[in-house]
Amino acid sequence: MTRTGSSSGVLSIKPFRRLWIALSLSSFGDWLSILALTALAGSLTKGSAENYAIGGVLVVKLLPALVFGPLAGAVADRFDRRTTMVIADILRFSLFLSIPIVGRLDWLYVATFLVEVVTLFWIPAKEATVPNLVPKDRLERANQISLISTYGSAPVAAATFSVLALISGVVFSTHRQQANLALYINAVTFLVSAVTIFSLREIPRQDGKVSVPSVLKQIVAGWRFVGSTPMVRGLTVGIVGAFAAGGAVIGIAKVYVKALGGGDAAYGVVFGMVFVGMAVGMFLAPRILKDFSRRRLFGLAIIGAGVALVLIAVIENLVIVALLTALLGAGAGIAWVVGYTLVGLEVEDSLRGRTWAFLQSLVRVVLLLTVAAVPFIAGAVGEHRIKVADAVYHFDGPNAVLLLGAVVAVIVGLLAYRQMDDRKGIPLSRDLMAALRGEEYVPEEPGHGERGVFLAFEGGEGAGKTTQARLLAIWLRDQGFDVVTTREPGSTKIGMRLRALLLDKETSGLSARAETMLYAADRAQHVAEVIRPALERGAIVVTDRYVDSSLAYQGAGRELKVKDIAEVNRWATGGLTPDLTIVLDVPSEVGLNRFASPADRIESEPREFHERVRRGFRALAEAEPHRYLVIDAAQPQEDITRQIRDRVRAILPDPVPATAEAVTSTMPVITD
Ligand code: TYD
């Protein structure tokens, strides 16, 4: 409202910037308080009571939102928002200050509970204020920035807590004093926030309402809708499970870190690692796995987090646990962005808000229940020593809780994966490998069970492919195989017209992309009409040139992206790949000089073009050596022929059907 230039960010709107600073400070204080309060509660108790003390803090933090959430929303609408926020911040300041001063566990609970109740009034007041400070078109950006600072402040708080613990470890002697320092700082953040908001004269008095419906009502209303589609069902199961596992980790982290010999500083580091991992996962996964199915990724991320959790529970080494925690966070982060995106993409507009509200309410309930249950589970398990060879493995309550969380995450991840899978029947490993290469895996067309063998000859001009292909075919036929020899371009009626177009020197101005598509079109027809039918009846197909020619000529030669051409051709051929590709490698000047006939359109390309093509073929072979045979084509013809036969023999099917083996095994076998 103070600026008109929409190119400048929302933070250039001064009142919003102030509110954002206040919000960031409060969030930072909130996260710091979780660490400080659990640490303090732990230091105020001894033995297994510590589990309950810490669980209690978390329960007390979560409970008010469930009970008073709707009430606070209604009240926030009735009072002046600026006053509400300022009073709330002053109350939070005083309450946090009182916790270390009183220094008793019961007051810690009461004060924490009250802080949360007060926060319930602060949040709707803030939510309702943002639209008053930011023009409508920049509201989304403003919400994004708010979200970033709400969660982004967590690792900062964790780092601060670690540093404070280290510093105060030198100055103070007890854990309690160390936690207290964090609480004092935390208190101050709220005071600063109060002052900042107080100076915000721009916050208008009343207009517009925020309504906060009851958590229970949202869950009941959401339930019916959620049952209706497998996607949302899978998403719900996944989110609930992930948060249950997350709750287990949060509830037990402090005790576990202590059992591993870590202090408050280590606790802070582990806590922070969750968020570092989350940020990295959220950032990297969508970029690395750009073409991978989002629905599959969701379940996999949760399973991944579960596996990380198993390792956390089993490997009792603080440094490794901290690193694994980042991995756990990455899994959670990926599941979160993917889930968020899926709701955005696949849930229809009118239901989206409801779906989110439902999921968020459910998450709260689940978190509360697990956090409350954790100390009881840990207590019930007790302490065990397991001897593995020479080492003694400690299996205590925390290990059990973590393992349980891990099992839940893995199961739930699997369920979500199965419910949501949109690429049923496609092997995951291939799908994943293709995505890592930045491609989409296109399965071979269903219903085609090829039984034959598919061999391709590739190479530059004049390498002798045609001769070798012919010799190989003769040799194979001699052994009784059904052999089809063919070539590209131009082995079908349609292909012949394309070939004329492609190789005629009269064809001028054909763009590199058009050329690629024409070769792909010829190939699509070739596969459909010649290659696939032959393979299906069990023949051996020997082709002179196939997809690799396009990758080498149009990719390396014309300098188009090889990846794109591979994609087009995968689609054109339905993913049909040769069992073996024989590359006849020859320096381009040797090959080009072998010609008697006048050069065609492609042959008349300059030397450098043909050199690039040659390097292109070699690079393809090097990337997948098991699928290629590269032969130096400068050798005598007989040597080349023999090398080809040796390699082809290894992949030939048994000319006698396997089922007939028992009957024929007594007969002498004649081989050459
Ligand atoms: P052809 O006379 O069959 O070549 P050769 O006798 O060398 O095998 O003509 C095919 C020409 O087309 C050749 O110069 C290579 C080129 N070509 C491509 O550029 N891309 C392709 O995908 C294919 C199949 C061929």
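Here's a quick tour of the ligand site and a pocket in this structure. It's a predicted model, where local features need pLDDT of at least 70, side-chain atom pairs count only at pLDDT 80 or more, and totals for chains, interfaces and linings use all residues. Residues are numbered from 1 along each chain as its sequence is written, and side-chain values use heavy atoms, leaving out hydrogens and water.

**Around the ligand**
- The ligand has 14 residues around it, and the closest are E461, Y519, R523, S550 and Q554 (near means a heavy atom within 4 Å).
- Sorted by class, that shell holds six charged, five nonpolar and three polar residues.
- Helix α18 (547-557) is one of the elements that supply at least two shell residues, and α18 gives the largest share, with four.

**Polar contacts** (pairs of N or O atoms within 3.5 Å)
- A ligand oxygen sits 2.5 Å from a side-chain N or O atom of S550.
- Another pairing puts a polar side-chain atom of R545 2.9 Å from a ligand oxygen.
- For Q554, a polar side-chain atom is 2.8 Å from a ligand nitrogen.
- On its own the ligand exposes 540 Å², and the protein buries 93% of that (Shrake-Rupley method, 1.4 Å probe).

**The second largest pocket**
- This pocket has about 970 Å³ of space.
- It is lined by 31 residues, and R437, R570, T577, E624 and R627 are the closest to its centre.
- The largest share of the lining, six residues, comes from α19.
- Domain 2 (227-349 + 368-441) and domain 3 (453-655) both give residues to the lining, so the pocket lies between them.

Definitions and conventions. A polar contact is a pair of N or O atoms within 3.5 Å; within protein, one must be able to donate a hydrogen and the other to accept it, and residues adjacent in sequence count only if both atoms are side-chain atoms. Ala, Val, Leu, Ile, Met, Phe, Trp, Tyr, Cys and Pro count as nonpolar, Asp, Glu, Lys and Arg as charged, and the others, Gly among them, as polar. On a 1 Å grid over the protein atoms alone, a cavity is a set of points where a 1.4 Å probe fits but cannot get out, and a pocket is an open set with protein on both sides within 12 Å along at least five of seven lines; lining residues have an atom within 4 Å of a point. Grid points are joined across faces, edges and corners, and a volume is the space filled by probe spheres set on the points. Domain bounds come from an automatic or database domain assignment.
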